[in-house]
Amino acid sequence: AALGVVIVAAGRGERLGADRPKAFVELGGRTLLEHAVGTVVSLDRPGQLVLVVPEGRAAEALEIADAALPAERSWQISVVNGGRERHESVRNGLDALRDGIETVLVHDAARPLTPAEVFERVAEEVQRTGDGIIPAMPVVDTLKRVDIAGRVRSTADRRILAAVQTPQGFPFEVLAAAHESAQAREEAVAPSNDAPTDDAEVVQRFGGTVRTVPGDARAHKVTTPVDLLMLQGLLLADEA
Ligand code: CTP
Ligand code: MG
């Protein structure tokens, strides 16, 4: 089954606060984007990889992808510009996938150390079930509902909550139709102030079924500087 992978790397990285977009920040001597691309093109199946990058970064992204490609070049690579919100970037990526893609995985460049086995696990489960599949981790903190005045209202039941990661996988037609429907709704109503923060949300609003598979601590997302330190620690532990 033909696999398409969209890596979204077009965010500004405001919370990280670096001097460049987050996907182009280095971790252990390689940019976050290089790490993510390297893992995808190492997957043991042919496919199409679309990189969604900030305006002005396409040439650099193509170079990164070319350098990462194994000699047999089994992956076809495209680079497109991102949008204002993450879901708009995903849409641009989906538009660049060729006909014949059956399964699509959408991955954050901001999760640079996500192991290949998570990609495999998600893709296999999409193909086996036909559902949307997302990696999930148990929630470790105690979660409180808090009002705008900062007063604690209640404690959420952690057993029915999960912290979800990427890659998130879907039958291509399902994700494409869900994004098209969301876009049509946005254009008909008003630009929403409840933008979906992941693709599972887009598919669920569309009425699709999404299930979880085990996530992986190494799929941790770089959001603030402390996350980079944590991933540097993982790299060092791997070398040791
Ligand atoms: N992303 C994107 N296009 C956007 C916004 C986000 O491609 N308009 C991507 C980011 O590059 C990242 C992933 O979506 O790989 C997850 O988003 P997030 O962690 O929020 O990254 P940023 O939006 O870059 O960070 P911030 O919100 O702190 O600015
Ligand atoms: Mg963001």
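Helix 5 has its buried residues covered from several sides in this predicted model. The elements doing the covering include strand 1 (3-8), helix 3 (86-95), strand 6 (103-108), strand 7 (132-138), strand 11 (168-171) and helix 6 (199-205). And which residues of helix 5 are buried? They are Phe172, Val174, Leu175, Ala178, His179 and Ala182. As a general point, residues three or four places apart in an α-helix point the same way, because there are 3.6 residues a turn.

Now for the core. The largest nonpolar one counts 57 residues, and Val6, Ile7, Ala9, Leu33, Leu51 and Val52 have the most contacts inside it. Take Ile7: leaving aside residues up to four places away in sequence, Ile7 touches Ala36, Val37, Val40, Leu49, Leu51, Val52, His107 and Ala109. In soluble globular proteins, nonpolar side chains do tend to be buried together.

Ligand 1 has 22 residues around it, and Val8, Ala10, Gly11, Glu14 and Arg15 come nearest. What is the make-up of that shell? It divides into seven nonpolar, six polar and nine charged residues.

Back to strand 7, one of the elements covering helix 5. Strand 7 runs parallel to strand 12 (residues 210-214), joined by five bridges, with Pro135 opposite Val213. Strand 7 also pairs with strand 10, this time in the antiparallel sense over three bridges, and there Met137 stands opposite Ala163.

Asp157 sits in the loop between strand 9 (152-155) and strand 10 (162-164), while Val226 belongs to helix 7 (residues 225-239). Why do they count as exposed? The cut-off is 12 or fewer other C-beta atoms within 10 Å; Asp157 has 9, so it qualifies, and Val226 has 8, so it does too.

Here is how each of them relates to a residue elsewhere in the chain:

| Pair | Apart in sequence | C-alpha to C-alpha |
|---|---|---|
| Asp157 and Met137 | 20 residues | 15 Å |
| Val226 and Leu16 | 210 residues | 8.8 Å |

Definitions and conventions. Residues numbered from 1 in each chain as written. Chains lettered and ligands numbered in written order. Predicted model: local features only at pLDDT ≥ 70, side-chain atom pairs only at ≥ 80, totals over all residues. Buried ≥ 20, exposed ≤ 12 C-beta atoms within 10 Å, placed from the backbone. Helix = DSSP H or I, 4+ residues; strand = E, 2+ residues; numbered from the N terminus. Contact = placed C-beta atoms within 7 Å. Near = placed C-beta within 6 Å. Nonpolar A, V, L, I, M, F, W, Y, C, P; charged D, E, K, R; others polar. Core = buried A, V, L, I, M, F, W, Y, C linked by C-beta atoms within 7 Å. Pairing = 2+ DSSP bridges.
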